[in-house]
Amino acid sequence: MPKSVLTEYRLELSSFLGLLFGVLSVIGIIGVYVNAGHDLPQSISVLNDLVAPFGSWVTWLFVAGPIGLVICIWWFYDYVKKT
């Protein structure tokens, strides 16, 4: 019987999704900070352009991003531990 796609490509999926959720976590954190009325320092003010397309969804990214990141890190660690 062939293996599941989630089993076969576990390393690739966990690293890709971990990177994706890491970026979404950063966007969510910056978006909540900006929406709270604070200004970003001049050196990282370019990140405002990343937050703008998400609009009010940055609150959901602030919540879901770290949860997905923790799950993907655990999935990656579990794979490495088993190999």
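Predicted model: local features only at pLDDT ≥ 70, side-chain atom pairs only at ≥ 80, totals over all residues.

Colleague: OK, what does Ser-25 touch?

Modeller: Not counting residues up to four places away in sequence, Ser-25 touches Leu-61, Gly-65, Pro-66 and Leu-69. Ser-25 lies in helix H2, residues 10-35; helices here are DSSP runs of H or I with at least four residues, numbered from the N terminus.

Colleague: And is Ser-25 buried or exposed?

Modeller: Ser-25 has a relative accessible area of 7%, so it is buried. Buried means under 20% relative accessible area, exposed over 50%, and partly exposed in between, with a 1.4 Å probe and protein chains only.

Colleague: Which residues make up the largest nonpolar core?

Modeller: Seven residues in all: Leu-24, Ile-27, Ile-30, Leu-40, Val-51, Val-58 and Leu-61. H2 and helix H4 (58-82) each supply at least two residues of this core, and H2 gives the most, with three. A nonpolar core here is a set of buried Ala, Val, Leu, Ile, Met, Phe, Trp, Tyr and Cys residues joined through side-chain atoms within 4.5 Å.

Colleague: What is Leu-24 in contact with?

Modeller: Phe-54 and Leu-61, leaving aside the neighbours of Leu-24 within four places in sequence.

Colleague: Switching to the helices, at what angle do H2 and H4 pack?

Modeller: About 155 degrees, with their axes 7 Å apart. The axes are lines fitted to C-alpha atoms, for helices over the stretch in contact, and angles run from 0 to 180 degrees between N-to-C directions. H2 and H4 are therefore roughly antiparallel to each other, a label for angles over 145 degrees, while under 35 is roughly parallel, 65 to 115 roughly perpendicular and the rest oblique.

Colleague: Which classes of residue are in the contact of H2 with H4?

Modeller: That contact has 18 nonpolar, eleven polar and three charged residues. For these classes, Ala, Val, Leu, Ile, Met, Phe, Trp, Tyr, Cys and Pro count as nonpolar, Asp, Glu, Lys and Arg as charged, and the others, Gly among them, as polar.

Colleague: Where does Phe-62 sit, and what does it contact?

Modeller: Phe-62 is in helix H4. Leaving aside neighbours within four places in sequence, Phe-62 is in contact with Gly-28, Ile-29 and Val-32. With a relative accessible area of 39%, Phe-62 is partly exposed.

Colleague: What about Arg-10, buried or exposed?

Modeller: Buried, because its relative accessible area is 15%. Arg-10 is in helix H2 and touches Trp-75, Asp-78, Tyr-79 and Lys-82, not counting residues up to four places away in sequence.

Colleague: And where is Tyr-9?

Modeller: Tyr-9 is in the loop between helix H1 (5-8) and H2. At 45% relative accessibility, Tyr-9 counts as partly exposed.

Notes: Residues numbered from 1 in each chain as written. Heavy atoms only, no water. Contact = heavy atoms within 4.5 Å.
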